[in-house]
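Please find my comments on the two-chain model below. They start at the interface and then move to the sheets.

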Amino acid sequence: MRPRPLPLLAALFALTLPLLAAACDSDGSDPTPTPQTLTVTATLTATATVGQNTLDIHVTDPDGAPVAGATVVVDPQMPSHGHGSTETPTVTDLGAGDYQAFPVTFQMKGPWVVHVTATDGAGREGSLDLPVEVN
Amino acid sequence: MRPHRASLAAAATLLAAVAAPAAAHAAACCMSATAFGAGRLLIWEDFAVGLRTSVSPALGDWDQAGRWRPYRDYADLEWRTELWGMAALSRRASAFARVPWLVNRRASQGATPIDDLGTGLADVSAGLRYELLAVGEYVELPAVALTATVTAPTGRATHDATTPLGVDVTGRGAWVASAGLSLERTHLPWYARLDLGVSIPLPAHRPDVDATQRYGVELSAVAAGGAELSRDLVLSLVTRASWQAPLTLAGRSIEGSDRADLGLGLAASWRLTPNWTAQAALDTGLFLDGLGDNHPGRITTTLGLRYGHF
């Protein structure tokens, strides 16, 4: 005697329901949405030179609103020579989404990349790789 | 291969071909042993020790596209002093060691002018040399020697620097294993020498990015020819070429991190007494587009004193 397909499908559906329920929150959306990313922009205050430089940073949320109080990390690297900077910049929160990093130290001439990452209180992150030619 | 790399490779091949001792007829002497660099033991020596000091100002650098860019408002000077020694282990084998000390000065007239001086022990190396064919062993054949060298990261790497311009950086932070082949032919008063080498840096952890980095394999060639102008004075013309493969960080090759270098030098060796030899050398990069890649260009003046015991 062949099994009837309808009860089998119903049983399978019943088993699947808890899995679906675990995967969705009450309104049916994904329970762990990808955090919306922050937008990071940065510019050096003057032409990059060997030595200590200052970097102005601005952080905004997905709606374009400035993000104050974020944790901002600045890491200058010289990938083509296989080393980073001799100093770790200190980042100051100026308010209204503005931050300033000093010293951004380039200890030699050549192509550098300044990695800037920002994380706000809600866990949203943003990053920027700023290419800098030190002449 | 980028065009300037092709020209570098062609130039290196040409230099090697020109300097190859094809026309040499006899291997009569060992005058090139002390002609430049640490050299080797004379065949009658038990050991030799020496001190060399080199001053190398950088005049500019080649960018990743091989363009030469003179420095402006920036000074970079390296003063390297090296104590070295070598000792015979047998008729064919010898051991050597080099202990370099580095003084760096860098000055920048940037937004925040800095003029820094730093110093420290650089990367120490030691190795073995084995003479497959000694000078004069066979009249028809050049002398042939193999070398194996290990360089230890005894210098301070960039991630341990404490000065803004990194003048206290004296090492690369990685072990390096090297092998070399040296060919030498003498036909008095002339000699020619060709040194070929390969250096293999080992992986090293970079704490600043918490990743493993490995510098690229480096190939080098040094071709030298010279003449014994008098019984005790040898003058040499030295050409060199090197190329380093791109480095890898966390297993990923870093584009544009390969390096190339060509140079030209003069060296003089003057035997003051049977035991003491004075050495002087001048080495320069070729400061033109396409004759270097991704490194500073320097002029190096070297003075040295060598004592050979027998």
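1. A term first. A salt bridge here is a side-chain nitrogen of Lys or Arg within 4 Å of a carboxyl oxygen of Asp or Glu. A:E133 and B:R69 form such a pair, with the closest N and O atoms 2.8 Å apart. Please keep in mind that this is a predicted model.

2. How many salt bridges link chain B and chain A? The count is one. Over all chains, a search of the whole structure finds 18 salt bridges. A:E133 sits in strand β8 (residues 125–134) of chain A and B:R69 in strand β2 (residues 68–70) of chain B, so the pair joins two chains.

3. Now the interface as a whole. On the chain B side, 29 residues are in contact with 23 residues of chain A. Which three residues supply more of the area that chain B buries against chain A than any other three? They are B:R69, B:T158 and B:P164, and their share is 23%.

4. The size of an interface is often given as the accessible area lost when the parts come together. Chain B and chain A bury about 1,900 Å² between them. Carbon and sulfur atoms carry 51% of that area.

5. The rule finds 11 residue pairs in polar contact across the interface of chain B and chain A, both residues at pLDDT 80 or more. On the side of chain B that touches chain A, 11 residues are nonpolar, 11 are polar and seven are charged.

6. Turning to chain A, what is the strand order in its open sheet of four strands? The order is β1-β2-β6-β5, with antiparallel pairing. β1 (39–44) and β5 (90–95) are the edge strands, each pairing on one side only. Neighbouring strands of this sheet are turned by 25° against each other on average, direction ignored.

7. Inside that sheet, strand β2 (residues 51–60) and strand β6 (residues 98–106) of chain A pair over seven bridges, in the antiparallel sense. For a position to check by eye, take A:H58, which stands opposite A:D98 in β6(A).

8. Chain B has a hairpin made of β16(B) and β17(B), with four residues between the strands. Strand β16 covers residues 259–271 and strand β17 covers residues 276–285. The two run antiparallel and are joined by nine bridges. Which residue of β17(B) is the bridge partner of B:G263? The partner is B:G285.

9. β17(B) also pairs with strand β19 (residues 295–309) of chain B. This pairing is antiparallel too, over nine bridges. Here B:T277 stands opposite B:R306 in β19(B).

10. Chain B also contains an open sheet of four strands, in the order β10-β11-β14-β15, with antiparallel pairing. Its edge strands are β10 (204–206) and β15 (252–253), each pairing on one side only. Strand β14 (residues 248–249) and β15(B) pair over two bridges.

Definitions and conventions:
Residues numbered from 1 in each chain as written. Chains lettered and ligands numbered in written order. Predicted model: local features only at pLDDT ≥ 70, side-chain atom pairs only at ≥ 80, totals over all residues. Heavy atoms only, no water. Contact = heavy atoms within 4.5 Å. Buried area = accessible area lost by both parts, 1.4 Å probe. Polar contact = N/O pair within 3.5 Å; in protein donor to acceptor, adjacent residues only side chain to side chain. Nonpolar A, V, L, I, M, F, W, Y, C, P; charged D, E, K, R; others polar. Pairing = 2+ DSSP bridges. Axes fitted to C-alpha atoms, helices over the stretch in contact; angles between N-to-C directions.
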